[in-house]
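Work through the exercises below with the sequence and the model in view. Each task is followed by a solution in steps.

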Amino acid sequence: MHITTFLEKLTVTCLFDPPSTLVNPITVTEPPFAVTSTTDRPFLARLTFTWAGGNANPPLELEHWVDVCIFSSAPAAALN
């Protein structure tokens with residue numbers, strides 16, 4: 001079954017003191033539903049999964065700590 005059968009979009013929102021690259025939420029509406037960006041510091045993010053099929057299932061919200069990759073020349077945020 002393809003992921004778009006059940007996932008409509010993924011939204012990433014910074015919960016507190018957002019880095020300059022995440023002042024506005026990031027929304028992904030097509031596969032692979034992956035988010036990459038750069039940031040100067042770690043942050044707490046809310047991941048909102050909006051399911052396909054209308055209002056049959058409410059969106060799922062999870063909090064996730066996003067850390068900075070220390071092995072890169074540019075600080076990249078990693079949603080692991």
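Buried means under 20% relative accessible area, exposed means over 50%, and partly exposed covers what lies in between. The model used in these exercises is predicted.

**Exercise 1. Outline of the chain**

Task: State how many helices and strands the chain has, and give their pattern along the sequence.

Solution. 
Step 1. The chain has 0 helices and 6 strands.
Step 2. Read along the sequence, the pattern is β-β-β-β-β-β.
Step 3. The chain has 80 residues, and 25% of them are buried.

**Exercise 2. Confidence**

Task: Find which element has the lowest mean pLDDT and which has the highest.

Solution. 
Step 1. For the chain, the mean pLDDT is 84, with 86% of the residues at 70 or more.
Step 2. Among the elements, strand β6 (residues 76-78) has the lowest mean, 51.
Step 3. The highest mean, 95, belongs to β4.

**Exercise 3. The salt bridges of arginine 41**

Task: Name the residues with which arginine 41 forms salt bridges, and say where the residues of the pair with aspartate 17 lie.

Solution. 
Step 1. The whole structure holds 3 salt bridges.
Step 2. One of them joins arginine 41 to aspartate 17, with the closest N and O atoms 3.6 Å apart. This pair links distant parts of the chain: arginine 41 is in the loop between β3 and β4, aspartate 17 is in the loop between β1 and β2, and they are 24 residues apart.
Step 3. Arginine 41 also forms a salt bridge with aspartate 40, where the closest N and O atoms are 3.1 Å apart.
Step 4. Asp17, Asp40 and Arg41 are thus linked in a network of salt bridges.
Step 5. Arginine 41 is partly exposed at 26% relative accessibility, while aspartate 17 is exposed at 59%.

In general, side chains of opposite charge can pair when their charged atoms come close.

**Exercise 4. A salt bridge between strands**

Task: Identify which strands hold arginine 46 and glutamate 61.

Solution. 
Step 1. Arginine 46 forms a salt bridge with glutamate 61, and the closest N and O atoms are 3.6 Å apart.
Step 2. Arginine 46 belongs to strand β4 and glutamate 61 to strand β5 (residues 60-68), so the pair ties together parts that are 15 residues apart in sequence.
Step 3. With a relative accessible area of 28%, arginine 46 is partly exposed.

**Exercise 5. Backbone exceptions**

Solution. 
Step 1. Most residues other than glycine have a negative phi, and most peptide bonds are trans.
Step 2. Proline 32 sits in the loop between β2 (26-28) and β3.
Step 3. Phenylalanine 33 is buried, at 9% relative accessibility.

**Exercise 6. Threonine 39**

Task: Decide whether threonine 39 is buried or exposed, and find which backbone oxygen lies 3.2 Å from a polar atom of its side chain.

Solution. 
Step 1. Threonine 39 is in the loop between β3 (37-38) and β4.
Step 2. Its relative accessibility is 5%, so threonine 39 counts as buried.
Step 3. The oxygen belongs to arginine 41, and the distance is 3.2 Å.

Technical notes: Residues are numbered from 1 along each chain as its sequence is written. Side-chain values use heavy atoms; hydrogens and water are left out. Helices (H or I, at least four residues) and strands (E, at least two) are DSSP runs, numbered from the N terminus. Buried means under 20% relative accessible area, exposed over 50%, partly exposed in between (1.4 Å probe, protein chains only). A polar contact is a pair of N or O atoms within 3.5 Å; within protein, one must be able to donate a hydrogen and the other to accept it, and residues adjacent in sequence count only if both atoms are side-chain atoms. pLDDT is the predictor's confidence in each residue, from 0 to 100. A salt bridge is a side-chain nitrogen of Lys or Arg within 4 Å of a carboxyl oxygen of Asp or Glu.
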